[in-house]
Amino acid sequence: MTERSNSLSEWLEARLPVISAFRREYVDFAMPRNLNYLWNFGAFATIALGLLILSGIFLALNYTPTVTEAFASIEMIDRQVSSGWLVRAIHMGGVSMLFASLYVHIGRGLYYGSYKAPRELLWLTGLGLLLLVMTTAFAGYILPWGQMSYWGATVVINALNSLPVIGKPLAAWLLGGEGLGNTALHRIYVLHFVTAFSIVGFVVLHVAALHVAGSNNPTGIEPAKPDDTVPFHPYYTTKDGLGLCLFLMVYAGLIFFAPDILTLADNYAQANPLVTPRDITPEWYFAPFYAILRAVPSKLGGLLLAAGSLGVLFAVPWLDASPVRSARYRPILRIALPILFLAFIALGAAGMHPPTGFWLWISRIAVTYWYLYFLILLPYLPRVEIPKPLPSSLQEPRG
Ligand code: HEM
C-alpha cells in the first residue's frame, strides 16, 4: 500500500509538483521564531472567509433576487428551511468576524511596520482585499431587502450622485436605471457573488506575496541566523490551531447566544421606499467611514474625505520615512499609533449616532487626527524621533 502511494506521489510529482510545493510553502516554510498572537489574525480572516463562502452558497440556493420576493425568501430561510437559521447566522456573524479580524490584522501591520520594503506589494494586495470585502459586504447587505438595506444603499447612491459630471450617469449605469428596483437588485446580487469569489483569488495572491518576502515579526528586523526561524509546521500550525479554537468559540458565541446583537432591528421590516427610518445607521464595520462621510456639511466633501481616508492607506509604505519598522523601537509613534486606533473606534461610535453636537465634533476631531497621522506624522516624525537601539537578533530578550 505504502509502495503504491509512494509511486502515485512520484507519478504526480513528475507531472504536477503540488505536493512538494505544499510542503515547501506550508510545512517547512521558515517563520520567524518570535511571532506573537497578533500573527494569528490572517488565519482567522481566511477561516471566516471560507465559512462565508460555504454558507453563502447554501443561502443562494433559497434566495430570490426580486424586489417582491427577496425579503420573503430570507424569512423563509430563517423559519422554514431546515437549519436555514443556522446557515444565515453563520453568514451574518461571519461578516463581523471577518471585519474584526481584518481591522486587527491591519492594526498589527501598522504597528510592526509590515508594510515597509520589501512588503509593499503584500500591503497593497491586502488593501485590494479590504476594498473587495467592503464591496461584497455592502452588496450583501442590500440583498435581504429590509428597510436598512434599502435606505443604506440609498445613502451610498446619493453620495455617488453627488460626484460632479460623472456621478449621475455612473450611478444610472451601475444600477441599470434610476433608483433601486429589480434590475438594480439583480445586478447587486451578481456583484456580491463576483466580488466574493474574486476575494479568494486575491487571497492566493496575498499569501504568494507573503511567501516571497517572508513574515515580518515584532522586532521588525529580518531573521539573520538559521535558528532565528522555525518551520511553519508544527510550530505555527499548533499556534494558529489554538488561536482558531478561541476564534471559533467567540464566533459560536455570537451565532448561538447573540445572533442579532450586531444587526439592526429595522432590517427585519421589508424595504419601503415611502418610509424613511428615523436614523439610517450602517453596520458597525462601516460606521467609521459613515462618520467621515457625514463629518462635513458638503456631500461631495464627505465622499472625498471618506474615500481619501482609505486612499491614504495605499500610500503608507511611501509616507513612512523612518528606517525603523517596528513601533516597539519608536517612542513617539508608539503613542501616536494607539491614538489613531482610538480615533478609529471613536469614528465608529460617531457613525452609530446622529451627526449633531457631541458626536459631530468627535468625528471631526478623529478624522483630522486620521489625516494628521498619515500625512504629517508618518513622513515628518522621523526627523525628530530618536529610535531605541534595535536588537541584534530575534532571540535577544526584550529591552
Ligand atoms: C480577506 C482578507 C485577508 C486575508 C484572508 C489575509 C490573510 C493573510 C494571512 C493568512 C497572512 C499570514 C498570517 C499573518 O501574518 O497574519 C497575512 C499576512 C499579511 N497581511 Fe493579510 N489578509 C487579508 C487582508 C489584509 C489587509 C486588508 C491587509 C492590509 C492592508 C493585509 C496585510 C498583510 C500583511 C502586511 C501581512 C504580513 C504581515 C507580517 O508578516 O507582518 N492583509 N494575511
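**Close-up views of a predicted model**

**View 1. Leu102 is part of helix H5.** The structure shown is a predicted model. Leu102 has a relative accessibility of 12% and counts as buried, because buried means under 20%. Tyr369 is 267 residues away from Leu102 along the chain. The C-alpha atoms of these two residues are separated by 21 Å.

**View 2. Two histidines, His105 and His206, coordinate the iron atom of the ligand.** Each histidine uses its NE2 atom, and the distances to the iron atom run from 2.0 to 2.1 Å. His105 lies in helix H5, which covers residues 84–112, and His206 lies in helix H9, which covers residues 182–213, so the pair ties together parts that are 101 residues apart in sequence. Are the two histidines buried or exposed? Both His105 and His206 are buried.

**View 3. The site of the iron atom of the ligand is octahedral.** How many donor atoms does the iron atom have? There are six donor atoms, and the angles among them range from 82 to 179°.

**View 4. The side chain of Thr125 makes a polar contact with the side chain of His206.** Thr125 is found in helix H6, which is made up of residues 120–142. With a relative accessible area of 11%, Thr125 is buried.

**View 5. Nine residues listed here form a nonpolar patch on the surface: Leu54, Ile57, Phe58, Leu61, Val190, Phe193, Val194, Phe197 and Val200.** Together they have about 810 Å² of accessible area. Which elements give two or more residues to the nonpolar patch? They are helix H3, residues 41–60, and H9. The largest share, five residues, comes from H9.

**View 6. Val200, a member of the nonpolar patch, lies in helix H9.** Val200 has a relative accessibility of 35% and therefore counts as partly exposed.

**View 7. Ala172 belongs to helix H8, residues 167–175.** The relative accessible area of Ala172 is 24%, so this residue is partly exposed. Ile157 is 15 residues from Ala172 along the chain. Between the C-alpha atoms of Ala172 and Ile157 there is a separation of 9.4 Å.

Methods: Residues are numbered from 1 along each chain as its sequence is written. This is a predicted model: local features need pLDDT of at least 70, side-chain atom pairs count only at pLDDT 80 or more; totals for chains, interfaces and linings use all residues. Side-chain values use heavy atoms; hydrogens and water are left out. Donors are N, O and S atoms within 2.8 Å of the metal (3.2 Å for Na, K and Ca); water is not among the atoms, so sites may look incomplete. Four donors count as tetrahedral if all angles lie between 85 and 135 degrees; four count as square planar and six as octahedral if opposite donors are over 155 degrees apart and all others between 65 and 115; anything else is irregular. Helices (H or I, at least four residues) and strands (E, at least two) are DSSP runs, numbered from the N terminus. Buried means under 20% relative accessible area, exposed over 50%, partly exposed in between (1.4 Å probe, protein chains only). Patches are made of residues with over 30% relative accessible area and no salt bridge: like charges are joined within 9 Å, nonpolar side chains (Val, Leu, Ile, Met, Phe, Trp, Tyr) within 5 Å. Accessible areas come from the Shrake-Rupley method with a 1.4 Å probe; for residues, only the protein chains shown count as cover. A salt bridge is a side-chain nitrogen of Lys or Arg within 4 Å of a carboxyl oxygen of Asp or Glu. A polar contact is a pair of N or O atoms within 3.5 Å; within protein, one must be able to donate a hydrogen and the other to accept it, and residues adjacent in sequence count only if both atoms are side-chain atoms.
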